[in-house]
Amino acid sequence: MLEVILISSIKVIVVVVVLLTGCAYATYMERKVLAFMQNRIGPNYAGPYGLLQPIADAVKLIFKEDVVPDNVERLTYTLAPMISFVPAMLTFAVVPFSSNFTLFGYEITGVISDLNIGILFVFAITSLGVYGILLGGWSAGSKYSLLGGLRASAQMISYELSYGLSIVGVIIIANTLSMVELVEQQSSIGSWFIWKQPLGFLLYITCAVAETNRSPFDLPEAESELVGGYHTEYSSMRFAQFFIGEYGNMLAVSAVATTLFFGGWQGPLLPPVIWFLIKVFCFMFFYIWLRATLPRFRYDQLMNFGWKVLFPLALFNTLLTGLWVLWLGDVLFGG
Amino acid sequence: MAEHKNITLNMGPQHPATHGVLRVELELEGETVVKARPVIGYLHTGIEKTMESKLYYKALPATDRMDYLAPMSNNLGYCLAVEKLMEIEVPEKVKWARACLAELTRINSHLVWLGTHVLDLGALSPVLYTFREREMILDIYEACGGQRMMTSYIRIGGLSHDLPVDFDKKVRHIIDVLPEKILEYETLLTENQIFINRTKNVAVISAEDAVNWSLSGPMLRGSGVKHDIRKANPYSGYENFDFEIPVGENGDAYDRYKVRLEEMRQSLRIARQALDGMPEGPYRAHVPGVVLPPKEDVLHKMESMIFHFKIITEGFKAPCGAVYQAIEAPKGELGFYIAGDGTNHPRRVRVRPPSFVNIACLPALCEGGLVADVVCAIGSVDIVLGEVDR
């Protein structure tokens, strides 16, 4: 019993540490990639190639004065950054990052917890993250923040449904909700679910961008319109929590996309965990690429897009997959 | 029912998208703008008054600081006005060189406009691309007068120096390179559905309203009014050049975008013609006592040295009378009204700045729209606060 607890604890610590480092270096990657796409150099002073920049940023943010405006709603103001930060971390509790392996004679599973409803858990948790933004925007007592919070809630309502529906296709085909089993079913490139669910994948990735408030759906923080949106009044570590939350969320949805559509940790030659990281960072690159290329949606256009384009498409995809499995299931998936 | 109250949102003067220190008071219902009121004056520098208290030629550097993205146009407008007052006829070469530089300046201003406008719409990259291209034009400014922004290169009666030896080569390089770059921006934006959604039918102003608000420049042409001072009332040799006036149809932000991009192409066309037809000759008019004599003569001829000394110390006296000279600056009609009273400094200088007049229609552009449209409207008007407030 003690062994199990110990192994789990160590795994949790390792995953959290890797995740936080990942968030930090995701910011570095974003700045570097964005810089190269924009004819700039990017951070290059702190350490070789600016590799210590995330650490410098973290130190700076920790030592900044924590300014709290007078008219804030104290409790929610304090809680909001945590609410946006924690769910991003929680997602990784059920994402399988490696196959089972043996270390010092112990058999270790490649996931913290193999929940049999893993994918439901992920979606339940990630949709909580927006409450952080909503409450943060509302409690900060600034009009810009309020507008940011309003936008976040509108965005959440428009996208949550299509987001959930976009993966129903995969679940119908795989006939399981467990993330581990999902990965095991995609053992070769040919059996990746993206080939069976191309529309589902496109819907997922679009909604995921909206879900994480990233460009071109970064309305809640639209810098040129709302100054900083929901985090206008936040400073120091509170701001950093929002920041880590955003990048954690990006990593989370990338990890889920990898698991659902790209075979998770499966891959030849390299160790599974490396494959997993490679795939996740390909998604991160995609995110950054989007940000470098596209202008921002407008609030009402985004709602229209969510309800009139994505939602019907997601329904259509679900229906199509259902019918497909019903009629061709025996032929395609061997009953 | 609970009492319904609109939000008043103070946008600016320190706001990322108000292009300097414009302040807009917005009354919002949800995110819909019910009322917008632009408040200006945060960058008031008293440029007109400063110019009135200076010698004619010493007032010139103040013009650089109005529309600091188009310094050469400001110089040109002021110099043309003073030359009109003094009845100075500048040499042909000067006219052509000025036209060439004014067109480069138009491109310079439009490049910055494009970058910042789409930055406001959330596209991060184009601003860095446009600033990269703008660098080439700033290099030419630097080669001409030594300054990259506050050029003061165009002077009363001519230019401050002769054109640099590699002027022709450098400008031709821009003419060759820039069309590709403009195409690059178009690839990113023109057909981009998000960009179209954000700008089509946003900040619309009809042709009639545009005329009634006395808008000018791309704001006017975007609404479909084919008016360009370069054609309607040519100055500085513009009658010699062959170019089109691009116009829009709907008068929305997208049309103004198209108009400005096409204007850049037309400017390149004019610049090429100006280079091809540039005559040889002196770079300053020969008007003793008013325009500085060539440096060579100052060093070797007694009279020239005296004139030089007199002009530098006490300037020249302008006759009594008032002139108005308008030019087509990148942002619209830039007019200088100068009243001379027989002394060596102007009695009254009044600038008709395009940004100031164009920004007045901001409420008409954004009332009824969303907060995001306000940003788009401000961007598409293309203002420089240095010029609005003077």
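Where in chain A is the place of A:L52? A:L52 sits in the loop between helix 1 and helix 2 of chain A. Helices here are DSSP runs of H or I with at least four residues, and strands are runs of E with at least two, numbered from the N terminus.

1. Basis. This is a predicted model, in which local features need pLDDT of at least 70, side-chain atom pairs count only at pLDDT 80 or more, and totals for chains, interfaces and linings use all residues. Residues are numbered from 1 along each chain as its sequence is written, and side-chain values use heavy atoms, without hydrogens and water.

2. Nonpolar patch. Helix 2 (residues 53-63) of chain A gives the largest share, four residues.

3. Interface. In contact (heavy atoms within 4.5 Å) are 26 residues of chain A and 34 residues of chain B. The buried area, meaning accessible area lost on putting the two parts together and summed over both, is about 2600 Å², and carbon and sulfur atoms give 60% of this.

4. Salt bridge across the interface. The rule (a Lys or Arg side-chain nitrogen within 4 Å of an Asp or Glu carboxyl oxygen) finds one between chain A and chain B. A:R298 pairs with B:D373, their closest N and O atoms being 2.9 Å apart.

5. B:E48 lies in helix 1 (residues 47-52) of chain B and B:R348 in strand 8 (residues 348-352), 300 residues apart.

Notes:
Chains lettered and ligands numbered in written order. Buried area = accessible area lost by both parts, 1.4 Å probe.
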